[in-house]
Amino acid sequence: MLSLSQTSNSLFCIEWIPTGIGPKVLKYKKIPANFHRYNNFLDIVFNDFNIENNDDINKMITLSLNIDDVCITSFKYDPNIPLEEKIIWYESFFLGKYIVDNHDIYYYPIVGDDCEVMVVYISKELKHNILESCNKHGYDLQHLTIDIFSANHAVHMYNYSLNDNYVLWKIGKGKQHYLLYYEKAVLKSYLSFKNGNKIDLIQSIGNKSLRNNLIDLADSLLNSKDFKFDYNFYDKIYLYQSKANIELLEKISSKDKDNIIIMDIGSKLLNKKNSNYSLLTYNENGNSLRGIDV
């Protein structure tokens, strides 16, 4: 299995094989992602990343896209009107002909009372280039997703049952943060914001009360001297980042050491001990672990 995830201008590559005791990583490497819209992207990958197990049986690939390469939005609907009818209206009067003709569009209803649907759309050209490059090298694209949503599959390494409520928190670059809230493995909320001295909300999808709780939680961990968050709406926070400086990561995790888990994939999967959290971005290769005992 070849697993790839893109963050900014880098591609994180893992080659692993299944074994009786779980996945065995053969090699991993961060390489420059200096390609345009994934045109012939595997040519560049294989120039830097030599595959060890190149038999036809295992020529499968998973890919996690940078969230900036897709568009995420949402809409609300009346439950008394069939969702299919709302989607037709939404595409005709909101997205418009250009988006519909040039993008693949995916709809994910968010379970809850708000009747909201998350909408993800990706350029058909970009997706075509990905598939063309995979076909050129004889690879079967097994799964395509987006960075933090891919990292959610890696949560299984830290929480085997997923039978609780948890927050998945990505510290991005440029003071950007992304949060997902799951209730017993069901996505309930997505949040993105920037933080200076206060939370500057960029996007929120899902239940309004959850949104407020997540904002209060983030503000308390990021901007308060003492962590005094009183809500009991989550069991654990799973934390990772896609940048080098670990000062903020350690600041957040130190405020609630019992309930904030740094997703140290280096020690969990990559057989790299004492990596000083330098490998956390590899959590975004998590979609390759779908259905695998880890």
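Trainee: How do the residues lining the second largest pocket divide into nonpolar, polar and charged?

Mentor: In this predicted model, that lining has 7 nonpolar, 9 polar and 3 charged residues, where Ala, Val, Leu, Ile, Met, Phe, Trp, Tyr, Cys and Pro count as nonpolar, Asp, Glu, Lys and Arg as charged, and the others, Gly among them, as polar. Totals for linings use all residues, whereas local features need pLDDT of at least 70 and side-chain atom pairs pLDDT 80 or more. Residues are numbered from 1 along each chain, and side-chain values use heavy atoms, with hydrogens and water left out.

Trainee: What makes a residue part of the lining of the largest pocket, and which residues lie nearest its centre?

Mentor: A pocket is an open set of points on a 1 Å grid over the protein atoms alone, where a 1.4 Å probe fits, with protein on both sides within 12 Å along at least five of seven lines, and a lining residue has an atom within 4 Å of a point. For the largest pocket 21 residues line it, and Tyr108, Val120, Thr145, Ile146 and Phe149 lie nearest its centre. By class, this lining holds 16 nonpolar, 4 polar and 1 charged residues.

Trainee: What percentage of the residues count as buried?

Mentor: Of the 294 residues, 51% count as buried, meaning under 20% relative accessible area with a 1.4 Å probe and protein chains only.

Technical notes
Buried < 20%, exposed > 50% of the residue type's maximum accessible area, 1.4 Å probe, protein only.
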